[in-house]
2 protein chains.
Amino acid sequence: MKLSCINISVDDSLFIKNPETTDLGKKIVENGISLMVELGYEAFTFKKLGEAIGSNESSIYRYFESKHSLLLYFVNWYWSWIEYRLVLQTHALQDKQEKLKIAIKILTEKVTEDKQISFVDEAKLYKIIMCEATKAYYIKEVDQENKKGYYRAYKRVVQRVSDMVLEINPEFKFPHMLISTIIEGSHNQYYFSEHLPSLTDVNNKNTNVVEFYTTLVQKVIS
Amino acid sequence: MKLSCINISVDDSLFIKNPETTDLGKKIVENGISLMVELGYEAFTFKKLGEAIGSNESSIYRYFESKHSLLLYFVNWYWSWIEYRLVLQTHALQDKQEKLKIAIKILTEKVTEDKQISFVDEAKLYKIIMCEATKAYYIKEVDQENKKGYYRAYKRVVQRVSDMVLEINPEFKFPHMLISTIIEGSHNQYYFSEHLPSLTDVNNKNTNVVEFYTTLVQKVIS
DNA sequence: TATTTTTTGATAGTATTACTTTTAATTTTG
DNA sequence: CAAAATTAAAAGTAATACTATCAAAAAATA
């Protein structure tokens, strides 16, 4: 599935100047993803990114307020992309069970190849989601940022899949809890499998995370 | 349950000088917990902690290498305490189901009062676990730190409860995955209920997190 | 009690981070 | 081609995350 024509849009409030509109902006996002994967969020700086793209620190600040904003941009891009895939792959389906099953697969599977949507490498982006995404909202400023709508894309995805759960079982009391549990859970499991294997049972091929959370949801909502 | 006689021991490698052995050390831990809750991990510094306890930054560095080490100390203290409670409250029980149920309660319930084990306020400590604990292992240095045994206490708890699952259903393939999912899940749910309520269904009294994860485990392993 | 050792406090210093500001050069657009 | 916008370079600031030194205070021990 290569669709270089479609565009994932990220909310205006997340950047000072839209990086999609210029070459430098695209470079910042593209190389920003690579460098953040390589160095990790803590060691990543705009100065280093500037050096990596042969540009200046101060130029990057004209696009993003801080590295935290850049992370928020990545996270929102990711969730917008997931939402797009969710709609595309489930919209036409009649069978509610099948619909939910596909949604769970999209939410819990590891992204291992670049799907080439615009200038973003989705496989690398997934690593940021897996390793760094929670740092975007486990912060003291979370309430203010939430008010500004910085987590909207994530919340929209949880709502969408929660609704699929309720379509199957309208009596079920904890759909959001269930869906956020499997999303965060799957990220943890892939991370644990790479770094803290005794906290998981994931095999080398990562094939059982999707399986585990799919049966989990089925059993829990029935 | 107040047992000021018992002592939670934290592995030697996690500090330079054992804070339990001196007044200053205890002050560092006690006020360190309060200040980290108050400011959040990112804004917390040893300089500020020094001011708070009327002591010097450099003196704190004689106990802990960095604020990251201090966080690791807190996290390990917490998991050692959980392990202690786990053993204490399940050891005498015969009924395997009952045993697991109590373990899940211990793992997923919010700690809201100071149980007064030594000089640590467990309710405040829980807030650190809920908001900051993942920052102790979602870092680039995770593999080296794991080799040094810095996450041992957490892994021991997961192993212990996974074993309880296997006692009930020896055929179950994903016990570690299940237990780490409910541990991390419950922390997320309490955090979401306070800051991102649309990601959860937790009510004001937080009563349904334990309920949700207890039924979840029961359904998944049967 | 005297003395040795350990612990702590105060001060200063370094390298890096996370920015902001200014100015000049370059590029884009009308 | 001129005006406007964008970018690069350099310098500056305040804070962080430490390290090092040295003297004072406290504790241990002989």
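**View 1. Arg85(B) sits over the face of Trp81(B).** The charge is 4.6 Å from the ring centre. A charge counts as over a ring if NZ of Lys or CZ of Arg is within 6 Å of the ring centre and within 35 degrees of the ring normal. This is a predicted model, where local features need pLDDT of at least 70, side-chain atom pairs count only at pLDDT 80 or more, and totals for chains, interfaces and linings use all residues. Side-chain values use heavy atoms, without hydrogens or water.

**View 2. Lys67(A) lies over the face of Tyr41(A).** Here the distance to the ring centre is 4.6 Å.

View 3. Rings of Phe, Tyr and Trp (its six-membered ring) pair if their centres lie within 6.5 Å; planes under 30 degrees apart count as stacked, over 60 as edge-to-face and the rest as tilted. Tyr137(A) and Phe192(B) make a tilted pair, 6.3 Å centre to centre with 50° between the planes. Tyr137(A) is buried, at 4% relative accessible area, and Phe192(B) is buried at 0%. Buried means under 20% relative accessible area, exposed over 50%, partly exposed in between (1.4 Å probe, protein chains only).

**View 4. Phe192(A) and Tyr137(B) form a tilted aromatic pair.** Their centres are 6.3 Å apart, with 50° between the planes. Phe192(A) and Tyr137(B) are both buried.

**View 5. Ring pairs link residues of chains A and B into a cluster.** Among its members are Trp77(A), Trp79(A), Tyr137(A), Tyr190(A), Tyr191(B) and Phe192(B).

Note on methods:
Residues numbered from 1 in each chain as written. Chains lettered and ligands numbered in written order.
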